[in-house]
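Work through the following exercises with the coordinates at hand, taking each solution one step at a time.

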Amino acid sequence: MTEAILLVGGQGTRLRPLTIDTPKPMLPVAGRPCTEHQIARLREAGVTRVVLGTSYRAEVFAEYFGDGSAFGVELVCVTEEVPLGTGGAIRNVLGALASGPDDPVLILNGDVLSGHDMAGQVAHHRAHDADVTLHLINVDDPRPFGLVPTDADGRVTAFLEKPQTPEEIVTHQINAGCYVFRRRVIDAIPTGRPVSVERETFPGLLAAGAPVLGWVEDAYWLDLGTPLAFARGSRDLVTGAAPSPALPGPTGPALLLGTATVHADATVDGGSCIGDGAEVAVGALVRGSVIMDGAHIGPGAQVIDSIIGRGSRIGAGTRCEGSVIADRAVIGAHNELAPGSRVFPDARIGDTVIRLSSDRS
Ligand code: GDD
Ligand code: MG
């Protein structure tokens, strides 16, 4: 039996206003929370027990997943009263683990979609008797990530979280946010204060000469931390570019959930997902977008690479591109929302011709 810990306590600041009501890992990506896609993949890799390290809006996870039986795993939620950081969150769930001291424990960042071979990563960790084995990938721009160079034997030589200067960019190989830990290593993380696994635990293990290995595998991978990435993750799941056993329907150009309705003279494509009870009216175009439950896209409206929250209404002829509209907002007719626009929950924007834009993406 392998156990897994999911780190799901972050505030999801870059996804505001979507994360005001819903924690980032619970936002519907192709109709299901990221956490549910991750649990389905863990189960496929042989994991039977999942511990959620929650903090921000912890109750949302407990309500949705219960004891995990509906998702084919045994599930436990452990909540931090104050956020303890990634390492503190891992240490905080120790009492809920059933693993023995030398057993491997899988640990996942809760906002990542990955198609990599987790069972292979665990087998590699066991075969080399490592303390920690990190999934690593190569990216064009490593700056928003943890940089993880390895030597010829695949041993990690350094861990540089979010480099600040060009000199620090020593590799394009980054931490993909999926670790295997020997359980004893978790026991050794300090308690009672925030700890960053990236800034403290990994550098500390390396300084002590502990065996920390890389598992380099360039399968499908995406961090869902920004609105554009979130919309992309959803469309990649819908089209099948990203694998998930939890996709609630067949892969294709669009996914319609429950009682979603699309007018015969509307176009929905590019991996769009239309939520339960949502409507796309005559002449509208929805491309590469996430339309959440109960939202309404008016006649002739155009919604491109955008996220439309639950119960929101987009007026006739309005165009949204690269925009994020939170829940229950009402946008009148003939507006134009330029890339980077963000509309807060319950906002009202009238039937005037205005243009909202911002430099944030
Ligand atoms: N329980 C708990 N408590 N979880 C937390 C806390 C906390 O205090 N802080 C963050 N998390 C969770 C978040 O919910 C998220 O799932 C995960 O830890 C990582 O946090 P992010 O805020 O998404 O970090 P990041 O994307 O900037 O960077 C991390 O991920 C990159 C890969 O996606 C780092 O691990 C980088 O090294 C890595 O490259
Ligand atoms: Mg992240």
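**Exercise 1.** Determine how much area is buried between domain 1 and domain 2, and which part of it carbon and sulfur atoms give.

*Solution.* In this predicted model, the domain assignment of the protein chain gives residues 2-223 as domain 1 and residues 253-349 as domain 2. Between these two domains about 950 Å² is buried, and carbon and sulfur atoms account for 68% of that area. On the side of domain 1, Pro17, Leu18 and Asp21 contribute 48% of what this domain buries against domain 2, more than any other three residues.

**Exercise 2.** Find the salt bridge across the interface of domain 1 and domain 2, and describe the residues on the side of domain 1 that touches domain 2.

*Solution.* The rule, which asks for a side-chain nitrogen of Lys or Arg within 4 Å of a carboxyl oxygen of Asp or Glu, finds one salt bridge across this interface. The side chains of Arg328 and Asp21 form a salt bridge with an N to O distance of 3.9 Å, and the residues with which domain 1 touches domain 2 comprise six nonpolar, two polar and three charged. Between the two domains, three residue pairs are in polar contact.

Note on methods: Residues numbered from 1 in each chain as written. Chains lettered and ligands numbered in written order. Predicted model: local features only at pLDDT ≥ 70, side-chain atom pairs only at ≥ 80, totals over all residues. Heavy atoms only, no water. Domains from an automatic or database assignment. Buried area = accessible area lost by both parts, 1.4 Å probe. Polar contact = N/O pair within 3.5 Å; in protein donor to acceptor, adjacent residues only side chain to side chain. Nonpolar A, V, L, I, M, F, W, Y, C, P; charged D, E, K, R; others polar.
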